[in-house]
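Subject: Structure for your review

Dear colleague,

Please find below the sequence and structure that I am handing over to you. My findings follow directly after them.

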Amino acid sequence: MTVQIRRSSTRFPQREPGRLTQHSFSFGAAYDPDRLRLGPMVCHDDHLLAQGSGFPSHPHSGLEIVTWVVSGALEHSDATGSTVLRPGSVAVLSTGAGVEHAEIAAAPQTRFIQVWLTAPDDAAAEPSYRVTPVAAAPGSGLVTAARPRPDAAFAVARLRAGESVTLPAGALQHVFVATGALGRSSLAEPLAAGDAFVFTDEPEHTLTATVPAELLVWSFDAQA
């Protein structure tokens, strides 16, 4: 059983015109042998874009890409058309054998969290893109938003100041504070936006927000 605290200050920043990205795992020139992956998660990026900035058309394959917009709006486009993703919905891009897409901010100060998971062995070869509304209101607890792999679940919790949420026991969990802050507990000093917990074979834990907060929780069935 282990609990790791991963502070925002330990992530790998990358700045480009109109874009600031913070990588939670090794990416490009930023390499840390202890930050290569977490279960099937090989990328956990926090992007902040100016309107009109982002990622022009580029290819992917062999991944399940999950996108959650924290603020603003993100336009996703590929060969089938375009979709604008806004806060309150989750997008899952199954890249299959290969797909090209673009992601461009459709509003000022667009911030989104994107996670790449390795695709399961039986993943379909044909790419797909789906957007699902997520009813994660304050007081609703931990709400499952997507299951991009049979062994991986993405959930969201929106908390009022002073409100708590209980995370179930699990083999491997990544808990990211997207906004707000968590209070001091037996696990750590307070966590602020951009900080994360990594739980390995831990029992259930109760986390309490000190101000309105949004938590993004990944749960994996095994540590592979």
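In what follows, helices and strands are DSSP runs, a strand having at least two residues, and they are numbered from the N terminus. Please note that this is a predicted model.

I begin with P203. This residue sits in the loop that joins β18 (196-202) to β19 (205-220). P203 is partly exposed, its relative accessible area being 40%. Leaving out residues up to four places away in sequence, P203 touches M1 and A169. For orientation, E64 is 139 residues from P203 in sequence, and the C-alpha atoms of the two are 28 Å apart in space.

Two threonines follow, each placed in a strand.

T110 belongs to strand β11, which covers residues 110-118. Is T110 buried or exposed? With a relative accessible area of 0%, T110 falls under the 20% cut-off and is therefore buried. A polar atom of the T110 side chain lies 2.8 Å from the backbone oxygen of A107. Apart from neighbours within four places in sequence, T110 is in contact with H47, L48, L49, S71, G72, A73, L74 and A105.

T67 is located in strand β6 (residues 63-71). T67 is also buried, at a relative accessible area of 6%. Which side chain does the side chain of T67 meet in a polar contact? The partner is the side chain of Q114, at 2.9 Å.

Finally, I turn to the largest pocket, whose volume is about 180 Å³. It is lined by 14 residues, of which D78, A79, T80, V99 and P127 are the closest to the centre of the pocket. Two or more lining residues come from each of β7 (74-78), β8 (81-85), β10 (99-105) and β12 (128-133). Which element gives the most to the lining of the largest pocket? That element is β8, with three residues. Sorted by class, the lining of the largest pocket comprises five nonpolar, six polar and three charged residues.

With kind regards

Conventions: Residues are numbered from 1 along each chain as its sequence is written. This is a predicted model: local features need pLDDT of at least 70, side-chain atom pairs count only at pLDDT 80 or more; totals for chains, interfaces and linings use all residues. Side-chain values use heavy atoms; hydrogens and water are left out. Helices (H or I, at least four residues) and strands (E, at least two) are DSSP runs, numbered from the N terminus. Buried means under 20% relative accessible area, exposed over 50%, partly exposed in between (1.4 Å probe, protein chains only). Contact means heavy atoms within 4.5 Å. A polar contact is a pair of N or O atoms within 3.5 Å; within protein, one must be able to donate a hydrogen and the other to accept it, and residues adjacent in sequence count only if both atoms are side-chain atoms. On a 1 Å grid over the protein atoms alone, a cavity is a set of points where a 1.4 Å probe fits but cannot get out, and a pocket is an open set with protein on both sides within 12 Å along at least five of seven lines; lining residues have an atom within 4 Å of a point. Grid points are joined across faces, edges and corners, and a volume is the space filled by probe spheres set on the points. Ala, Val, Leu, Ile, Met, Phe, Trp, Tyr, Cys and Pro count as nonpolar, Asp, Glu, Lys and Arg as charged, and the others, Gly among them, as polar.
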